[in-house]
Amino acid sequence: MSGGIGNTAGTDSTRYLALYETAMQIRFAAVFAFFVPVALLLIRRLPPVQGRMPAALLAVWAWGLVAGTLAVTVSAPWLIASHGHGSYRFLPQLASVISYGRQALVATALVAAAGAVLIARITAKGAGPLPQEAVPAHPARLAAGVGTAVIALSLVVLSYQPVAAIQTVSPDSGLLSEPGDLLRQWLLLGAWSDPAGAPLGDWLLYRAADALLLAVVWWALRRLPELFTRPTVPAMATGVVCAEGPLQPYEREAASLAGVLAERRALFTYCLTEPGLARLYALLDSGRYEILVPEKAALLVVAWLVRAGDVAGALDLVEILEPWADRLRFLPRPSDLPAPDVQAVHRRTVGEVGASLSARPLNSAVETQREALTVWQPFGDELLTHWLETAGTGRVLDHIPDDTWQERGELLLRRYRNLAAAHTRCTKHRDPKENLGILRGALEETVAGRPLDARRLGLLRHAVESMVRRRGRPGSGQHSELRARQAAQAALPSHHTLAQLVLRRLSGLPQQTGAADVAPLVSDVSPREAAETGLPAGAVIPVAVRRVVEAALSAPISTLVERGVVPSAEVLAELVPQLVAAADSQAYQDPSLRTLMAANYRAFRNRRSLLLLDLARQVRTEELPWVGAVAEYRADDHGQEEVAHTALRQLGELAVQAFPGTLLPNPLVRELGVLARQADAGAPFVEELASDIFMGTFTPKFLAAARVAAELLGGTLYERYYGIDYAAVRNLAITEASESLRRTHRARTSPGFAKLCAARSGESDAQTWSIAANGKVIEQAQILTTHNLATLVGRVGISPAPGWADLARRCFTTVCLTTARTQGNPRPLSLIKDAAYAWRQMVFHLSLCGPEEQARLIARLDEETARHPAHVAVRLAPALTGLRQAAAGGSPEAGGGRRLLGWTTEAHWLAR
């Protein structure tokens, strides 16, 4: 019997050991299964490039803790069973197993996270810091506060021992017994205890770690959304964050007038009643409303549909909007002015310019100098004159001053104290080592009846003599002339004062639009204004203030570019929504709907755009439900296409002519694409891809754009310089197009184009991912497609007035200016990329010149480099040699020639 029992015990021991080994195997496998995929995803979403290493490390470390806990949880049943009592109060044992060994998990997760982030950082060589995304402050703070409150509740409140004891009171048996014990185990993980048995100060110091933890958690939750390269809330694409928020004053006023609760859902419901619809009809007819976010146009569209007799369409739209009625701001804001004229554009409204001027502070340095000239120097002259009275024909204090002199000295000191209390900007007069301080200190001693010792007397005499020697005696011609010049300088009005005058002029204009003429706003001070404000008549408005006001000029966009109001292609892109809104709205026959859709388009295009992965695109305006609801009321006639095509050509010519050495920014490219679709131009516009989230694939429109370039540039300097076989590109485009026709679904990518770009970049066999390698592939795509230049010329038909040679010359000037800035720059790669982009556009413009004009311009490029620092010619010499060799029909890489490219995974030759 004993032997049998012993054998059974041995068998059980072996079985329990096997269960324990199985638990460990499952745990290790689960760790890898949980940790690796999510860690890779976090590194992709939060690349550990310069400036983001700590955030990436913390994110991966936090996930390591979670993954380890999950792995322990998965293996816990086998581990509990290996102890021989797997069925006894399983849940408390599970909690105990999970909480066991947490210290080792923290260290292990940190090591794993550090290794993963370090490897990712090494593979991301050549990558610079990524721009932080702008996240609305209020929603971000609210989300961080809620998340921190949840953690604080679990760490501090629920794990407080008396609270935990109350929450774990449960029957000894039944369904609540084990969950109660499980809850207690989890709550006590925080190890929270009350101050009983210890001094309160020691207890607070001990708990400071919890407070620090909560502060770190709040900061991490607040800043983390700014670092991600991909949005996590799809609703951001339609500006939901901007349309949310607390009730605004106009919404509260509308609720009060309607007699409903001050809630968005109540306002939404009211607008669907007869009185509410009547109010919306009035806004539609007058055009006196503001659409700052596109959601505010939704209810106006509902009202227009009802009035147009399309009740079914209105009901369908209401059904889509209703779930969001308590969150989003669908009610438009009333305005005192009708909608602005869509033919003129402006960078800033009058109200925005006024706000900018109002925020301009006084220049502290200028006002300090003004105080010195108007207060302390005249007082110093009086003090000096007072001391010179004691000198007679000799030195100061050669004779004893009389009582009258003493009384006037007391008055001077009293006046000094009053001036010092009223004028606090200058502090030099308080320094006892300065001349004014020496004169004042000596006077205080003398008036008090204390004789000056030899040292102080010597300082006094030296100060008086130096002041007279430098400026002359007060009242002399030399001194009077100096003080007259200084008084005239001090009398000049400050920039702040003149800005307040301009602000007064702006107050009489409509605040929601631009100004048709800014000349009266920045004219000299008139006699009437001088009488009202005390400013000198004829005072000139300073350039800094004029520049701010000129941003409100409302004029054709070409005029704004000529006057320097639009200094870059990025700023031009900001104004394009106003132009495209005009062209897009012409498709609607009804005037009120046309005005509404123009306002909706401007608001939609002004929203914040996002970086998207996997070739995902931004939401388009026509995909908004309220735009789709009135799509059938658009007039799709030939005239509308002509309007859109004219606007497309004018905008393309303006962008290329005004900023020839700059890539077309993505916002501008998107607007060009909208106009191209409206004009049915068949123009494939491609965006600049972000190298940090590039997935190695391109959409078919990239190959279509390359085919357009092949048709335009085959056999030209551009093809020879960049070593392109445009015939092969055309064949590839034809092949993929024919394959697409045989498919039942539309292709999302162009594998042939991606393979071609990777082969040209030399990264086709790369085994590691890096931002620099991605940049090389993307640059080859830009070379093959000319980044929309060929599309603008070949499909849109732009023909800039200055001519292609002038554009090429200006591009080379940009190359020289950018190259000059690389000298001594510790991070020249971004400048080199900009120079390479401008160089590529120069080669494109040269390729469209005639042979004689092309040769003449290439021969004169050295003249331009001679206008810049000597190192510019040295750096660009290989690129110029390669260009001349390609123009002569040879290879740009022969001899000492080089192709100028922007991206590299090694040290760039232009930076050496």
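Helix 35 (residues 771-785) is mostly covered in this predicted model, with 15 of its 15 residues buried. Here, buried stands for under 20% relative accessible area, exposed for over 50%, and partly exposed for the range in between, with a 1.4 Å probe and protein chains only. Helices (H or I, at least four residues) and strands (E, at least two) are DSSP runs numbered from the N terminus. The end C-alpha atoms of helix 35 are 21 Å apart, which agrees with the 21 Å that its 15 residues should span at 1.5 Å a residue; the expected span is 1.5 Å times one less than the number of residues. As the model is predicted, local features need pLDDT of at least 70 and side-chain atom pairs count only at pLDDT 80 or more, while totals for chains, interfaces and linings use all residues. Residues are numbered from 1 along each chain as its sequence is written, and side-chain values use heavy atoms, with hydrogens and water left out.

The backbone that follows helix 35 deserves a look too. Just after this helix, T786 takes a positive phi of about 60°. N788, in the loop between helix 35 and helix 36 (789-796), also has a positive phi, near 85°, and is a residue other than glycine. At 1% relative accessibility, N788 counts as buried. Most residues other than glycine have a negative phi. Another case is D680, which is not a glycine and has a positive phi of about 55°. D680 lies in the loop between helix 30 (666-679) and helix 31 (700-713), and this residue is exposed, with a relative accessible area of 59%.

On a 1 Å grid over the protein atoms alone, a cavity is a set of points where a 1.4 Å probe fits but cannot get out, and its lining residues have an atom within 4 Å of a point. Grid points are joined across faces, edges and corners, and a volume is the space filled by probe spheres set on the points. By these criteria the structure holds three cavities of 30 Å³ or more. The lining consists of V686, E687, E688, L689, F702, I778, A781, Q782, T785 and H787. These divide into five nonpolar, three polar and two charged residues, where Ala, Val, Leu, Ile, Met, Phe, Trp, Tyr, Cys and Pro count as nonpolar, Asp, Glu, Lys and Arg as charged, and the others, Gly among them, as polar.

The largest cavity has a volume of about 60 Å³. Its lining includes E251, L299, A325 and L328, along with R329, F330 and L331. Helix 12 (residues 264-271) gives the most to this lining, with four residues. Eight of the lining residues are nonpolar, none polar and three charged. R329 sits in the loop between helix 15 (311-321) and strand 2 (333-334) and, at 5% relative accessibility, counts as buried. The C-alpha atoms of R329 and K296 are separated by 6.2 Å, although these residues are 33 residues apart along the chain.

The buried residues are H479, L482, R483, Q486 and A490. They cover an arc of only 95° around the axis, which puts them on the same side of helix 21; the arc is that of the directions from the helix axis to the C-beta atoms. An α-helix has 3.6 residues a turn, so residues three or four places apart point the same way. On the other side of helix 21, G477, E481 and A491 are exposed. Helix 17 (364-388) and helix 20 (454-471) are among the elements that cover the buried residues of helix 21, contact meaning heavy atoms within 4.5 Å.

H346 is placed in the loop between strand 2 and helix 16 (350-358) and counts as buried at 11% relative accessibility. The C-alpha atoms of H346 and A552, 206 residues apart along the chain, are separated by 5.7 Å. Beyond its neighbours within four places in sequence, H346 is in contact with residues including T513, G514, A551, A552 and Q578.

For the protein chain as a whole, there are 41 helices and two strands. Buried residues make up 44% of its 912 residues. Among contacts between residues at least 6 apart in sequence, 74% join residues at least 24 apart.

Conventions. 1 Å grid on protein atoms, 1.4 Å probe; cavity = no way out; pocket = protein on both sides within 12 Å on 5 of 7 lines; lining within 4 Å.
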